[in-house]
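Please look at the sequence and the structure first.

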Amino acid sequence: YKVPDKTDALILFYLLLKAQKQDYQENFILSQYEILKGCGFYGNSWYYERLEDSLRRWTGIMIEFKGTFYDGKKYKTLFFHILDSAKIREEDQKVEICFNPDFLLKIKESKFCKYINFQQYKALKRPISLRLFEILCKNFKGREEWPIDLVKLGAKLPLSKRKVQSLKAEKELLFHSDVLRAIKPAINEINRLAEDQKALEALGVKGEEAFKIGYTLSKDKKVITFEKVVPTWISKEAVEK
């Protein structure tokens, strides 16, 4: 139908948060106002239409693993949706959500899942900041550094490619320099939030969960190595503890 964007990610994560708080409940009912307020969407009736559109997007998405999902014992081939169904009731306009049980189970039982603070995630405004924050939360799990080729990172974000005309045909390419230019503002936004102690405390973020991003580039500027940096307001003793 349509590719999910930043707005859709916030809506899905809010719904997922509700499911997790009820021990991964598959089915539940929420008001549209509660969902929009929880996502920080205020003051525009357009968001109600956007919520309906988002539910349509997530019910149309299918996740596919072809011998690539490892359950701790063996690799499996799996196919499942994220939302099995979503219904806006005519009588009271409340939303009935039905998560796919396999989707919830894979998150609940996976050893490769990293929980993030939804309020901290929501505080980031740039779409690239949101996606980079997701990626780094996962890849900083159990380590302080993570290297990746910039073009591969650009595909994960994902970033738009450049149209390049050659003698034979027009191609769409992603350049290392384009990715680096795109992520610098995102890194700055994540770091500014990480250094705002009052804001993080208001969002319920614990000191040990906060991190800034440092990075180094390879000599050819094609590989970036992200570094997990402790914000200046967190004491050394707290980090060691």
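## Aromatic pairs

The predicted model contains 10 aromatic pairs. Rings of Phe, Tyr and Trp (its six-membered ring) pair if their centres lie within 6.5 Å; planes under 30 degrees apart count as stacked, over 60 as edge-to-face and the rest as tilted. Phe28 and Phe99 form a tilted pair, because their ring centres are 6.2 Å apart and their planes are at 40°. This pair links distant parts of the chain: Phe28 lies in strand S1 (residues 27-30) and Phe99 in strand S5 (residues 95-99), 71 residues apart. Helices (H or I, at least four residues) and strands (E, at least two) are DSSP runs, numbered from the N terminus. Phe28 is buried at 7% relative accessibility, and Phe99 is buried at 0%. Here buried means under 20% relative accessible area, exposed means over 50%, and partly exposed is in between (1.4 Å probe, protein chains only).

The rings of Phe41 and Tyr47 are stacked, because their centres are 4.7 Å apart and their planes are at 10°. Phe41 is buried at 12% relative accessibility, while Tyr47 is partly exposed at 21%. Ring pairs also join Phe28, Phe99 and Phe103 into a cluster.

## How the model is read

Residues are numbered from 1 along each chain as its sequence is written.

## Cysteines

How many disulfides does a search of the whole structure find? The search finds zero, where a disulfide is a pair of cysteine sulfur atoms within 2.5 Å. The cysteine sulfur closest to that of Cys39 is in Cys137, 18 Å away, so the distance is too far for a bond. Cys39 is buried, with a relative accessible area of 3%, and Cys137 is buried too, at 9%.

## The nonpolar core

The largest nonpolar core has 61 residues. Such a core is a set of buried Ala, Val, Leu, Ile, Met, Phe, Trp, Tyr and Cys residues joined through side-chain atoms within 4.5 Å. Leu15, Ile35, Phe99, Leu132, Leu153, Ile183 and Phe226 have the most contacts inside it. Helix H1 (residues 6-21) gives the most to this core, with eight residues.

Apart from residues up to four places away in sequence, Leu132 touches residues including Leu153, Ala186, Ile213 and Phe226. Contact means heavy atoms within 4.5 Å.

Ser129 sits in helix H6 (residues 127-139) and is buried at 0% relative accessibility. The side chains of Ser129 and Glu189 are joined by a polar contact of 2.6 Å. A polar contact is a pair of N or O atoms within 3.5 Å; within protein, one must be able to donate a hydrogen and the other to accept it, and residues adjacent in sequence count only if both atoms are side-chain atoms.

Helix H3 (residues 46-60) has 15 residues and should span 21 Å at 1.5 Å a residue, which agrees with the 21 Å between its end C-alpha atoms. The expected span is 1.5 Å times one less than the number of residues. The buried residues of H3 are Arg50, Leu51, Asp53, Ser54, Leu55, Arg57 and Trp58. Among the elements that cover them are H1 and helix H2 (32-38).

Conventions. This is a predicted model: local features need pLDDT of at least 70, side-chain atom pairs count only at pLDDT 80 or more; totals for chains, interfaces and linings use all residues. Side-chain values use heavy atoms; hydrogens and water are left out.
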